[in-house]
Amino acid sequence: MTPVKTPESVRAKPDAICVAAVEAAREAAIAEAGAAQIGEHLGHLVEGERLVTHYFASTHSGYRGWRWAVTVTRASRAKTITVNEVVMLPGDEAIVAPEWVPWSERVQPGDLRPGDLFPTLPDDPRLEPGFTDTGAPDDVLAVVEELGLGRERVLSQDGREDAAERWFAGDFGPGSAIAQAVPYKCNSCGYWIRLNDSLGQAFGACANEMAPGEGRIVAYDYGCGAHSDVVIDSPDHPSTEHAFDTTGYDELAMETVGETDVVREEADEADAVQVEVEAAAEPSSDDEVQATTAEEIDAEATENY
C-alpha cells in the first residue's frame, strides 16, 4: 500500500484589510476588558488566509507580561472585518501557573501530615482483594487471620516487588555506604527481627537503639557497626581506691609571705630555751645521780612506814 503524501502548508499572505484593522481590534478588546486594561499595540500575527491576530499589552498589575489577543477575519471579497475572538494570552515574560499535575502524582512520600487522608485508587496494582469470606470454618479463619489475609485488600505480587526494590535500593540496603564499610550483616545479628511474611526472606526490622536502622526495615545483607557480634577487648581500668605511701615522708616548707624571718627567729629562741632547760636538769656526775636515788628511796620508805 502506497502511503498518501500530505501536502505542505502554504504560507498565507498578509491580508491588508485585516492587518490595518488595529483600531477595530482595540475597540473589541476595550469592550471585553475596559479601556483601563488595554495598553499599546504590540503587533500582529498572520494566522491564515484573511486571518490576523492583533496583540495589545495588558496594563493590569496582576497580569504583567500578559497580552490581549484579538483575532479578526474577513470573508472573501468583503471589505469589512469580523472579530473572531478576544482572549488574554501569556507573553514571554508572563508569570504563569505550573503545568497541572493530578493530585495522585503531586503527593510525594513525606507529604502526609497529621489529619490528612490519602485515598487509595480502586485499581491500585499494588493491592489485591483479601480473604474476607465469613462463611469459612473457624479453623480456616484462624489460619487466615494468622497469615494476615483477613483484610479487604492485601499486597499483590506487584506491591511486594515494588516494596522490595525500594527497600533494597534505599539507605538500609546492602549498597549503602555504611553497609559497605563493615563486614557484619544483619542476618546474623541478634537485634535483627525477621519479617513474618514472604518478604522476610530478604528483609527484617532492626531492634538496636544504637544502630542507624533502629525501628526500620533493613535488608538481609545490610550491616552496620552496632552488630551484636562486635566485641572489643577493653583494657584494665586503674583502681579507683586511694593509695597511701607509708615508706617515707616529704618535708613541706610552709612559709608566710612577709613573716618568714620572724617565724624563724621565734623558732630558734624556743629551741635555745629547750636546750638550756634540758642541760640544767641533767646531773653533773654519776655520784650525784646515785645520791639522789638513795634520798628518794629513804623518803619513799618513810612514807610507807
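## Burial and the model

A residue is called buried under 20% relative accessible area, exposed over 50%, and partly exposed in between (1.4 Å probe, protein chains only). By this rule Asp15 is buried, with a relative accessible area of 10%.

This is a predicted model, in which local features need pLDDT of at least 70, side-chain atom pairs count only at pLDDT 80 or more, and totals for chains, interfaces and linings use all residues. Residues are numbered from 1 along each chain as its sequence is written, and side-chain values use heavy atoms, with hydrogens and water left out.

## Salt bridges

The whole structure holds 5 salt bridges, each a side-chain nitrogen of Lys or Arg within 4 Å of a carboxyl oxygen of Asp or Glu. One of them joins Asp15 and Arg74, at 2.7 Å from N to O. The two residues are 59 apart and link distant parts of the chain: Asp15 lies in the segment before α1 (16–19), and Arg74 in the loop between β3 (66–73) and β4 (82–90). Helices (H or I, at least four residues) and strands (E, at least two) are DSSP runs, numbered from the N terminus. Arg74 is buried, at 15%.

Asp124 and Arg126 form a salt bridge of 2.8 Å, N to O. Asp124 is buried at 10% relative accessible area, while Arg126 is partly exposed at 41%.

## Strand pairing

Strands pair if DSSP finds at least two bridges between them. β7 (residues 192–194) and β8 (residues 203–206) are antiparallel, with 3 bridges; Trp192 stands opposite Cys206 in β8. β8 also pairs with β9 (residues 217–219), again antiparallel over 3 bridges, and Gly204 has Val218 in β9 as its bridge partner.
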